[in-house]
Amino acid sequence: MTAPTVAELVEQQARLTLPRFTHDDAWRLGTILVDLARERNAPVAVDVRRGAQQLFHAALPGSSADNDAWIDRKRRVVERYAESSLLVGTRFRAKGGSFDTDSRLDPDRYAAHGGSFPITVAGAGVVGAVTVSGLPQLEDHALVVEALERLLAGA
């Protein structure tokens, strides 16, 4: 899997803007992710939040408490930067730097690794985050993108 560019990730985020985000939408998004992960036997944990409220969480076979810790670290990057965790890390690398050393944020609390994506609502901006942990970072990110695309297709 080839790493997307900053421009590709920016376009992706703009394209995946939702018309709304309700509790039912969070359930649908989480369920789509769980179904995709089960089809692929992916050992992931899934988290969907609106603001500080966790609306959906699932831990599939093969995942562990470490995945929950990764979810928290990646989600904090989305909350701070209002961009996907992969985009933030890619921006640092594109400038010749490293998020872990150049962001001045505690790497025990923040991880700019792929897998967390902002939930953006048209006219409202970023209202939450959807996060997956358990696969290599590009695969975590791709799984979230695929689920958001499916949610939008059914919206």
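The model shown is predicted: local features need pLDDT of at least 70, side-chain atom pairs count only at pLDDT 80 or more, and totals for chains, interfaces and linings use all residues. Residues are numbered from 1 along each chain as its sequence is written, and side-chain values use heavy atoms, with hydrogens and water left out.

**View 1. Strand β2 and its burial.** Helices (H or I, at least four residues) and strands (E, at least two) are DSSP runs, numbered from the N terminus. Five of the six residues of β2 (residues 45–50) are buried, so this strand is largely enclosed by the rest of the structure.

View 2. Two strands are said to pair if DSSP finds at least two bridges between them. Strand β3 (residues 53–59) pairs with β2 in the antiparallel sense over six bridges, and His-57 of β3 is the bridge partner of Asp-47. Two residues separate the strands of this hairpin, and Gly-51 in the turn has a positive phi of about 60°.

**View 3. The open sheet.** Five strands in the order β1-β4-β5-β2-β3 form an open sheet with mixed pairing. Its edge strands, β1 (17–18) and β3, each pair on one side only. Strand β5 (residues 125–133) is joined to β2 by six antiparallel bridges, with Ser-133 as the bridge partner of Ala-45. Strand β4 (residues 116–121) also pairs with β5 in the antiparallel sense over six bridges; here Ser-116 stands opposite Thr-131.

View 4. Axes are lines fitted to C-alpha atoms, for helices over the stretch in contact (heavy atoms within 4.5 Å), and angles run from 0 to 180 degrees between N-to-C directions. Helix α2 (residues 23–39) lies across β2, β3, β4 and β5 and runs at about 20° to β3. Helix α3 (residues 65–81) packs on the sheet, touching β2, β3, β4 and β5, and its direction makes about 155° with that of β5. The buried residues of α3 include Asn-67, Ile-71 and Val-78. After α3 comes Ala-82, with a positive phi near 55°.

**View 5. The α1–α4 contact.** The axes of helix α1 (residues 6–15) and helix α4 (residues 85–94) come within 9 Å and cross at roughly 155°. The two helices are therefore roughly antiparallel, a term for angles over 145 degrees. Val-6, Leu-9, Val-10 and Gln-13 in α1 meet Leu-86, Leu-87, Thr-90, Arg-91 and Ala-94 in α4.

Methods
Buried < 20%, exposed > 50% of the residue type's maximum accessible area, 1.4 Å probe, protein only. Parallel < 35°, antiparallel > 145°, perpendicular 65-115°, else oblique.
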